[in-house]
Amino acid sequence: MASAPLHRQRTWLKRLHTLLLFTLLCLPTAYATEQLNYPLHSDGIDPETYALALLTAALERTPGRYQLQATPVPMAQSRALLAIEHDSKSVQVMWTMTTREREERLLPIRIPIYRGLIGWRVLLQRRAAAEQLATVRTLNDLKRFSFGQRHNWPDTAILRANGLQVVTSQHYQGLFQMLAAGRFDLFPREAVVAWQEQTRAAANGLELSVDEHLLLHYPTAFYFFTSRNRPDLASDIERGLEAMIADGSFQRLFQQYQGATLRQANLQSRRVIELHNPDLPPATPFARKELWFQPQELK
C-alpha cells in the first residue's frame, strides 16, 4: 500500500497534468502558413501593385497565417473566376469588378479597394483624333462614337445598357491595336491605369493619347473575392481592411499609389457624363461615405 507522501505526490502530478492539458487546450490554435495564389494577368503583366500592396497589408494583420504568390502561369479572368468558384487549389483570392452574378458565385469582401475610382473612366483614343471630344457634353453626344471593350468585361454590358456602340475583342492587348487601326473610336480606361497603358502602347509603336475633356462615371466597385467555401479567409481580409480604414493606413496607401496619377488625370476639371449600371449589386455599401472617392478631394 502506498505511503501517504507518495499518494499525495501522485495526486499532485495528476492535477498538474490536468492543468497543463487545460492550458494547452485554451491556447490559440497554431496555424501553418497557407499559400494564397492570386491570378497573374492573362497577358503576363504583373497584377496591379496597389491592389497587391493593399491585400498584403490587410493580411499582415493576421501575422504568419498567409503567404501571397502569383499563379505560376498567366490566367484569364474567366478561368480565375471559375477556379475560385469551385474552390480550386490553383487560386484562392482575386480582385475584380463586382456584378450581381459574381457576388452570387463568389464571396465578396465589400470594401471597394479603389474607393470606387474604378468607375471613373478616361478615354484612350488615336492621337490624330485628340480633339474629337472637345464639344461633347451629353450621353447623346457620345452615341456617334464606337467603344472598345473585352467581350467578357462587365463594362461591356454597362456601355451597351446606356445605348453606346461597343466593339469587342477576346484579347486585352488586341484592343489597343484595334483602336490604333481605327476599328473603334474610344477605349474607356480606369483613371489609375490609363497613362501606364498609353506608355506601353507607345513602346509598341501605337500612337494613342488620353482624352483631356471627359470623364465617364458609373457606380461600381472592385472587391477582393474568395470562394464561398472560405469564409475564414474572407473574414481575415475584411478584418485587416477595416483595421486599415480605422487607423488611416488604407487612405495613406491609396494616396501613395494613386495620388500622382489622380493629379495627372485632372479629374476635377473634366466634364462628367454619368452612366447607369444595371448590374450593380444591391448590397454595395454606398452609405459608408468614407469608402468612396470623389474628384472634389483633389481640389
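**View 1. Covering of the buried residues of helix H3 in the predicted model.** Strand E1 (34-40), strand E3 (93-97), helix H4 (100-105) and strand E11 (222-226) are among the elements that cover the buried residues of H3.

**View 2. Buried residues of helix H3 (residues 77-85).** Ala80, Leu81, Ala83 and Ile84 are the buried residues of this helix. These residues lie on the same side of H3, because the arc they cover around the axis is only 160 degrees. In an α-helix, residues three or four places apart point the same way, because there are 3.6 residues a turn.

View 3. Asp87 sits in the loop between H3 and E3. Its phi is positive, at about 55 degrees, although Asp87 is not a glycine. Asp87 has a relative accessible area of 32% and is therefore partly exposed.

**View 4. Asn266, in the loop between helix H10 (249-265) and strand E12 (271-274).** Asn266 is a residue other than glycine with a positive phi, near 55 degrees. Its relative accessibility is 35%, so Asn266 counts as partly exposed.

**View 5. Confidence along the protein chain of the predicted model.** The protein chain has a mean pLDDT of 88, with 86% of its residues at 70 or more. Confidence is lowest in helix H1 (residues 4-26), where the mean is 57. Strand E4 (residues 107-109) has the highest confidence, at 98.

Key:
Residues are numbered from 1 along each chain as its sequence is written. This is a predicted model: local features need pLDDT of at least 70, side-chain atom pairs count only at pLDDT 80 or more; totals for chains, interfaces and linings use all residues. Side-chain values use heavy atoms; hydrogens and water are left out. pLDDT is the predictor's confidence in each residue, from 0 to 100. Helices (H or I, at least four residues) and strands (E, at least two) are DSSP runs, numbered from the N terminus. Buried means under 20% relative accessible area, exposed over 50%, partly exposed in between (1.4 Å probe, protein chains only). The arc is that of the directions from the helix axis to the C-beta atoms. Contact means heavy atoms within 4.5 Å.
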